[in-house]
Amino acid sequence: MDQDLGQLVQAILIASDPSSGVLHQQALEYLSNIQQNAANTWRLALTLFVERGPDGARKYPPAARFFALRVLDEFLDNRFEPLDPESFQTLQQALISYIQSEYLYGPAEANATFLRNKFSHTLTLFFLCTYLEQWPTFFADFFTLIRPPESTSQATFNPHISLLFFHIVLEISGEVADQMIKAARTYSSARQGRDTRVRDAVRERDAAAINEAVLTIVAEDVKRMSKLRKGDVTPTSKGELDQAIEVVDWGIRTFASYVGWIDINLTVTQTTVPLLFTLLSDPSLPIRLATSVALTRIVSKGLKEATDKLQLIKVLSLGQVLDALETKTRAEQAVRGSEVDEGEESYREALGRLLNVLGLELSKLVDEAPLEDVRNEALQMLNQILPVMLRFMADEYDDTCSTVFPLLQNLLGRYKRMRKTSSEPLDEQKRSFLTSLLRVILEKLKWEEDADPEDMDEEEKAEFDELRKDLRTFMDAALVIDQNLVTNALSNLALNTLNAYRNGVTVKWHDAELAVYIVFIFGEINKTGGKGRTAFCQTPIVVAREKRKETDYSEYPLTKHGEMLYALVESGISGYPHKTVTMQFFETVARYGDFFKVRKECIVPTLQAMVDNRGLHNQDSKLRSRVYYLFHRFIKEDRNEISVDLAGSLLESIRDLLSIQVELPEVEDQEHDILSEAVNNPGSFDAQLYLFETVGTLVSLFYRTPEQCGALLQSVVKPLLDELSVNLQAVKGPSDVLPILKVHHIIMALGNIAKGFPDFPSPLPEGYVLPPLDVFNQAAQAILVCLEAMNIFRVVRDATRFAFARIFATTGPNITHLIPPLMANLLAHFEPSELIDFMNFIGLLIHKLQNDMFDVLDQLIGPLSSHIDALLSQPVTGTDDQLTHVDTKRAYLNLLNNIMVAKLYDVFTSPRNKGQLEALFTNVQRFAEDLTDTSSQRSAFQFLNRSVTAWVIPVDAGSSAQAPTQGIPGFERFVYERLVPIAFSVLSSPQFNLKDGQMLVLHEIGNFLQTVSKTRDQEAFEFFTTAFLPAQGWPQDAALEFASKLRELDGKTFKKYLADFVRASRPSS
């Protein structure tokens, strides 16, 4: 065995040294084999762990002994049957001998303390295997080790053995009762059963003795600790006080670990309660924290009888204790001032959690106790701790504050339920509580005065935002309970602060920010307020939509929120010298654009603040970027309230901000395309695009004077076109990144200017004033020139699609002559994923331009379909290819359906394209039959349905005075022979699953079949009853019933019938 041990130790040492090369891997494999074969190697591991050398010390190094314990763990864990007698005796004798030599008379692994915890776990696993049948005297045997056999100079109880005992009981509690540990494991019924039996046996045999031992050791060391602190005894060693504190700390942790699963009469006695309360105020922080956990677990212990639970809470009298401790720790906190003691703050957190659990348990009694006396007494005790709860909630540290949130949520939930069942006014006690709660909430909503939000990291900001979110939840609940109380408190605070600032009173920045923030959230909180303008002024009647423009809202009094917003603007707080306050002002005014429609005099001062150095011209680029968007949002919302004079002034004020700066990102990986990276991470340019859109909006306000409108637009567009030309000429190749990006950015900016104009109406109303078409045509031509020269660059193609989509939306059919060259250049070079964007772009143009797209589509649909066929015929080599195929197919079908919906289907049968019609249907048929892609399948049947409407000539058309020009003679035969069979083959497929999203496909098939039936009427009826269905093997009566339902039922009823029919036709499983 010595040779085996030597080899094992050497392998362990080599495995711990990665620089050992090949030997390192061999050692790891050898050790893995040892561990996996623990059933045969455990004796070797046991010897390795316990064997001593000639000097009495452990023979082998700590790393080797640690591995030995891992092997023993492997042997003992998941063992649910007793050990054979010889193995049990070997292990028992070796482990007891080790404890005696190492813990009772030795240094308790002083040189390798990590082995203590590992050994306690191994011993626990041995206990779990043997306690029930082989070692029922485990605890009795252990107790004999704790007290030394003869009187010595040391303390009565051996501290090393005591700590080992505590660790073992902690481990046992974790194994048999800790739900978190159980949940983290893979479930095993054998382990669950064994652990339950062990837990029950410990309760029956040893729980009382374990509890007595733990509390006796703790009590003795508390006395020793007290004497050492007072100097009543002389320490026998340097660390004796620290050792006593350690024993008490772990003793209370051990006590806390089992109070939840042994008899409460053992753990809550006349001696334990005073002991726990003494330790709850002990100078040692670890002891206080451990005690708070113990009390928390005692309070939350489940008891069958409500009277027993109430009696337990009364015995503990925690309400008074926590009241006193909260007051004491808060005073100590005040003395510390700005000095942070994280340990003491964690203690206040622990006290808060203890109060929270106490309150929740009392609340449960109030809600669920069967006896009224119990409910009333619990309610009285609950009300007594509410002021303490509010004091914890008011703690300046958010972690402490949030400890009582569950209790507060529970409490407000009960108040809300009571309000729903009672129309009585809120009683004074609850009203007083809510008033105090609101005061605390409003204080906690503030930033700390010395905080600097601009200098905080995102995580800290997110934490404060989350706190505000929680506090607002409580405010919402309070509002349901007493709306006037909450709205009055909020409006009073906001108005008082804003009026004070207006009157020259010094207001601290966090008070100012809170006032503005309250105005910002008031619209969300006050859910009973009106919508639109009526949220801000008290109109006597609901004003009809068509009369809103001519109504003078200035004569109506303001609502509470209206008063707050009016005070916000009038106070001048937008000029507060703190960015957080200024930004909250901008966020608020941009959010409530409807207010400015009822108090138009507030528009100018608000826009002045946004445009000057408080906003758009602020030196802080981050603030400036956000205001770009907020300014855009404000102008967009209130464009109809802005005069042309004001619009002109605003345009002049922001011209200097229209210069485009290119920001290149730092690219760590040289393989990344810097062009794509720069476009995906454009810095402030994304925000600047909002400014260009706002420019378009402001220019469009001059529509009554077309010449002035055109001149203003030209004055904005020309500098961009000049710069576009310069950068176009600077591009010589792909390495000219900056000019390429500049071209991209300018094209995007031009598109956004167009976006600021109203969409071109269809149909065109009488007297409509056209936008400056010559300027937009000039811009579009310039973009097209760039595309022709730079169509090899995807970023330019993307930007061109972006810009043209917006220019076409503004100009309507007036520049459609540019579409053919645009399409040709977009398709000259493209990546597969771009084809999807291109088809979406065409779909958008169809929606905007309708019939004006016919000629374009006539030229486009043939080459585009060829591109699609080529792409979809390529083999799929990976996940990305698969996604591209699916997305391309869906985009193509969407485009086909858009053409049909816009009634442009004649492009498919035009002289240019009619030869490809059958190939088109072949593709769509293939998509309709693909059961793996439900979305495309549904779109394919939609197209087939619309094809029937478009090209099948109705049977009554021949007798009509005006026969339709649409329709393809004989197309109904194609429908009968090719399309109808596809519908039935899909429905009859074993893979067609109505529970797997394919119900929508069934609906489209139902629509398709009914369209066929309605279009050809009796002919279709006879086709189904005499030809098609009989050929499919249907009985005559079944065919007749189906065709009759198809013809007679409405769409919704037929779909239900069809679904039931398909289900019934499936073989029962």
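These legends describe close-up views of a predicted protein model.

Local features need pLDDT of at least 70, side-chain atom pairs count only at pLDDT 80 or more, and totals for chains, interfaces and linings use all residues. Residues are numbered from 1 along each chain as its sequence is written, and side-chain values use heavy atoms, with hydrogens and water left out.

**View 1. Confidence across the model.**
The mean pLDDT of the protein is 91. pLDDT is the predictor's confidence in each residue, from 0 to 100. A value of 70 or more is reached by 97% of the residues. Residues 959-965 stay under 50. For this stretch the model has 2 contacts beyond four places in sequence. Contact means heavy atoms within 4.5 Å.

**View 2. The crossing of helices α23 and α24.**
Helix α23 spans residues 458-481 and helix α24 spans residues 483-502. Helices (H or I, at least four residues) and strands (E, at least two) are DSSP runs, numbered from the N terminus. The two axes come within 5 Å and cross at roughly 130°. Axes are lines fitted to C-alpha atoms, for helices over the stretch in contact, and angles run from 0 to 180 degrees between N-to-C directions. α23 and α24 are therefore oblique to each other. Angles under 35 degrees count as roughly parallel, over 145 as roughly antiparallel, 65 to 115 as roughly perpendicular and the rest as oblique. From α23, the contact uses Met-475, Ala-478, Leu-479 and Ile-481. From α24, Gln-483, Val-486, Thr-487 and Leu-490 take part. By class, the contact has 6 nonpolar, 2 polar and no charged residues. Here Ala, Val, Leu, Ile, Met, Phe, Trp, Tyr, Cys and Pro count as nonpolar, Asp, Glu, Lys and Arg as charged, and the others, Gly among them, as polar.

**View 3. Phe-165 in the largest nonpolar core.**
The largest nonpolar core has 363 residues. Such a core is a set of buried Ala, Val, Leu, Ile, Met, Phe, Trp, Tyr and Cys residues joined through side-chain atoms within 4.5 Å. Buried means under 20% relative accessible area, exposed over 50%, partly exposed in between (1.4 Å probe, protein chains only). Phe-165, Met-393 and Phe-908 touch the most other members. Helix α25 (residues 509-525) gives the most to this core, with 12 residues. Beyond four places in sequence, Phe-165 is in contact with Phe-139, Phe-142, Phe-143, Ile-146, Ile-210, Ala-213, Val-214 and Ile-217.

**View 4. Leu-616 in a loop.**
Leu-616 lies between α28 (603-611) and α29 (621-637). Its relative accessibility is 0%, so Leu-616 counts as buried. Leaving aside neighbours within four places in sequence, its contacts include Met-610, Val-611, Arg-624, Tyr-628, Phe-631 and Leu-691. Ser-554 is 62 residues away along the chain, with 29 Å between the C-alpha atoms of Ser-554 and Leu-616.

Pro-763 is found in the loop between α34 (737-755) and α35. A cis peptide bond joins Ser-762 to Pro-763, with omega about 0°. Most residues other than glycine have a negative phi, and most peptide bonds are trans. Asn-791 lies in the loop between α35 (773-790) and α36 (794-811). Asn-791 is buried, with a relative accessible area of 10%. Beyond four places in sequence, Asn-791 is in contact with Arg-797, Asn-825, Ala-828 and His-829. Ala-782 lies in helix α35 itself. Leaving aside neighbours within four places in sequence, Ala-782 is in contact with Leu-721 and Leu-724.

Lys-903 sits in the loop between α40 (879-901) and α41 (917-929). Lys-903 has a positive phi of about 60°, although it is not a glycine. Lys-903 is exposed, with a relative accessible area of 60%. Leu-904 lies in the loop between α40 and α41. At 3% relative accessibility, Leu-904 is buried. Beyond four places in sequence, the contacts of Leu-904 include Ile-846, Met-853, Phe-854 and Leu-857. The C-alpha atoms of Leu-904 and Leu-857 are separated by 8.6 Å.

**View 5. Asp-1017 between two helices.**
The loop between α44 (999-1016) and α45 (1018-1031) holds Asp-1017. Asp-1017 is not a glycine, yet has a positive phi of about 50°. Asp-1017 counts as partly exposed, at 37% relative accessibility.
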